[in-house]
Amino acid sequence: MDARIEAEIAAGSNDKNRFENLKIDADSDGIWLFSEGKFKENDVYAMLKAYGIVRYDFKAVRKFIKDGEPCKVCVRNPAFEKDARIIVNLAKDKMTASVTIEPPFFAKPWPSEAEVLKSLAANGVKVGIDQAAIQSLLARKLANEAVIVARGVAPIEGKDAYIELLKDPDKPFEVRDDEKIDFWSRSTIITVHPAQEIAIKHPLEQGKNGVDVTGAVAKAKPVKNVEFAFGTGLMRDEENKLILIASAEGQLKKQGGRLVVLPELEIHDDIDFGVGSIDFTGSVKIFGAVHEGFHVTAQGNIEIHGPVEGADIDSQGVIIVKGGVRGMGKGTMKATGDISLSFGDQAEIRSGGTILAQTSILHSHLYAQKAVIALGTKKSQIAGGKIEAGLEVSCNVLGSEMGTKTEVVVGLPPEQLEKRKIFNGEIKRFQDNLERIEPNLVLLKKLEAAGQLDDNKRAMMMNFTKMKFQLQAALENMQNELSALDEQLALVRDKGIVRVKDICYPGVFISIRGLAYQVQEVCKYTSFIADDEKRAIVLKPYDYMAGHLGG
């Protein structure tokens with residue numbers, strides 16, 4: 001072996017002694033592999049790569065791996081004995097730079113750290129150079145492997161502003177897997193109240209620019225702002241402009257991409273599982289039917305174009321049912337004001353005003369504080385069930401040819417009389433309790449003034465005082481309710497009439513202001529009134545005192 005080759009081997013052997021029990025040597029004839037014990041197959045190929053030997057006798061290497069005998073892996077060729085090459089690659093966004101070293105052949109030297117830094121500078125890399133990564137690359141002599149040796153400072157991305165809907169009218173009704181739900185009671189309609197929070201704006205957050213490995217600014221993406229889109233019935237909270245609140249009662253809905261609150265609810269479908277039951281703060285207009293088991297409750301008026309079938313309807317205003325009511329012995333209908341319907345069948349209906357039926361009322365229980373009227377057609381009929389009214393019941397036909405039991409009560413409603421009786425009894429009881437408490441309080445206050453009140457008597461005086469205030473408050477409420485009830489009863493005290501324009505059949509029982517009458521034979525064009533002198537119900541012509549007795 002010549003002196004030059006020995007010097008090269010001596011210079012490079014210390015750097016490559018990591019390949020256990022393997023040795024590489026060279027002479028003028030070629031490059032040789034030697035083993036000094038057991039070795040790993042992968043280390044053979046790794047060592048050849050580390051020495052930059054890429055063209056070798058594959059069969060000879062395989063034989064060496066098998067028997068460990070020295071072998072010549074390639075001939076010496078000065079054309080292949082190249083220096084190391086430093087390759088610098090910048091990422092597309094220039095946020096990282098990597099170095100790949102094509103190793104020198106055999107004993108030629110690896111590049112120094114300074115040479116790597118010079119190559120980086122030549123490729124424009126100025127920022128974020130990781131000298132430790134460079135030193136590790138060189139120390140480990142990683143050949144033909146890209147190693148990141150510089151990193152820029154990435155921009156910190158901002159956040160777009162967005163609107164969080166606390167109430168979303170487009171969001172479908174959600175039910176958890178473990179949740180039990182009454183599908184008849186649920187509703188897809190969202191109702192809101194004044195000052196209720198509807199949406200929150202989350203403001204934008206500006207990003208922060210970074211810098212790439214060349215020192216150029218890496219701009220953060222621009223952020224977008226967004227504002228509330230709302231119309232009538234909504235407003236920004238005065239104390240926090242990032243909160244959208246309702247300014248009116250009503251249905252929350254989206255119209256033309258904006259949130260609005262509508263004081264009247266319109267539903268163009270049936271009230272069934274698709275829509276759900278309705279609880280609304282304003283008026284409701286339904287263009288379909290209301291099906292069995294569902295309910296519609298409104299603080300305003302309710303108008304229903306289809307039939308009501310076994311459903312509960314409750315209004316603080318008036319109710320109009322154009323399709324009629326089939327109660328099916330299940331549903332109820334209540335209104336503070338008047339109720340108008342096409343017909344009623346097995347219905348339970350209560351009105352704070354007048355109930356007006358266009359055709360028939362069959363086998364139903366109706367109560368109206370003013371009147372029940374069924375005069376829409378010549379065949380408008382009331383038959384079966386019980387009809388109660390404060391002032392008047394009028395129809396074309398009352399009862400039926402079959403003698404169907406039909407009860408009509410006009411005047412002082414029995415339940416109101418019973419309620420008045422209960423109020424009077426409670427008022428008397430509360431007054432008696434107050435009369436018993438007062439002497440005890442007077443005595444205890446005298447003892448207190450004389451300084452003779454011990455802890456027990458002081459606690460007793462406090463309890464008596466508290467009880468007195470509670471009784472006085474409850475007594476005042478009952479007296480106010482009794483006064484309102486008396487005013488209501490005074491309106492019907494001397495009034496009451498049942499009018500039948502066409503035929504009244506036997507089987508009808510009439511009660512007016514506590515006086516009773518049973519119809520024994522067919523009568524026509526008849527009014528039934530109470531004669532206070534005779535203490536009996538008497539029959540008069542249909543138009544008798546029209547507009548007076550019935551109010």
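Predicted model: local features only at pLDDT ≥ 70, side-chain atom pairs only at ≥ 80, totals over all residues.

Analyst: One term to begin with: buried means under 20% relative accessible area, exposed means over 50%, and partly exposed is in between, using a 1.4 Å probe and protein chains only. On that scale, buried residues make up 40% of the protein's 551 residues.

User: Which residues touch the most other members of the largest nonpolar core?
Analyst: I278, I313, V372 and F528 do, in a core of 54 residues. Another core, of 20 residues, lies apart from it, with L48, I53, V61 and F64 among its members. A nonpolar core here is a set of buried Ala, Val, Leu, Ile, Met, Phe, Trp, Tyr and Cys residues joined through side-chain atoms within 4.5 Å.

User: And contacts along the chain?
Analyst: Contact means heavy atoms within 4.5 Å. Take the contacts between residues at least 6 apart in sequence: 43% of them join residues at least 24 apart.

User: On to helices. At what angle do α2 and α3 cross?
Analyst: Roughly 140 degrees, with the axes of α2 (residues 41–50) and α3 (residues 58–67) coming within 10 Å. α2 is therefore oblique to α3. Axes are lines fitted to C-alpha atoms, for helices over the stretch in contact, and angles run from 0 to 180 degrees between N-to-C directions. Angles under 35 degrees count as roughly parallel, over 145 as roughly antiparallel, 65 to 115 as roughly perpendicular, and the rest as oblique.

User: Which hand is the crossing of α2 and α3, left or right?
Analyst: The crossing of α2 and α3 is right-handed. Right-handed means that the near helix is turned clockwise from the far one by less than a right angle; anticlockwise is left-handed.

User: Which residues make the contact of α2 with α3?
Analyst: α2 supplies E41, V44, Y45 and L48, and α3 supplies F58, V61, R62, F64 and I65. By class, that contact has 7 nonpolar, no polar and 2 charged residues. Ala, Val, Leu, Ile, Met, Phe, Trp, Tyr, Cys and Pro count as nonpolar, Asp, Glu, Lys and Arg as charged, and the others, Gly among them, as polar. L48 and V61 also belong to the core of 20 residues.

User: What about α4 and α5?
Analyst: The axes of α4 (residues 113–122) and α5 (residues 131–140) come within 10 Å and cross at roughly 125 degrees. That makes α4 and α5 oblique to each other. α4 passes α5 in a right-handed crossing. E113, V116, L117 and L120 of α4 meet Q131, I134, Q135 and L138 of α5. The contact of α4 with α5 has 5 nonpolar, 2 polar and 1 charged residues.

User: New topic. Is Q251 buried or exposed?
Analyst: Q251 counts as buried, because its relative accessibility is 7%. Q251 is found in strand β14 (residues 250–255). Beyond its neighbours within four places in sequence, Q251 is in contact with I189, I190, T191, V260, V261, L262, L265 and F280.

User: Where is I189?
Analyst: I189 is in the loop between β7 (162–165) and β8 (191–192). I189 is buried, with a relative accessible area of 19%. Not counting residues up to four places away in sequence, I189 touches Q251, L265, I267 and I278.

User: What is the phi of M328?
Analyst: About 60 degrees, a positive value although M328 is not a glycine. M328 sits in the loop between β24 (325–326) and β25 (332–335). M328 is partly exposed, at 37%.

Terms used. Residues numbered from 1 in each chain as written. Heavy atoms only, no water. Helix = DSSP H or I, 4+ residues; strand = E, 2+ residues; numbered from the N terminus.
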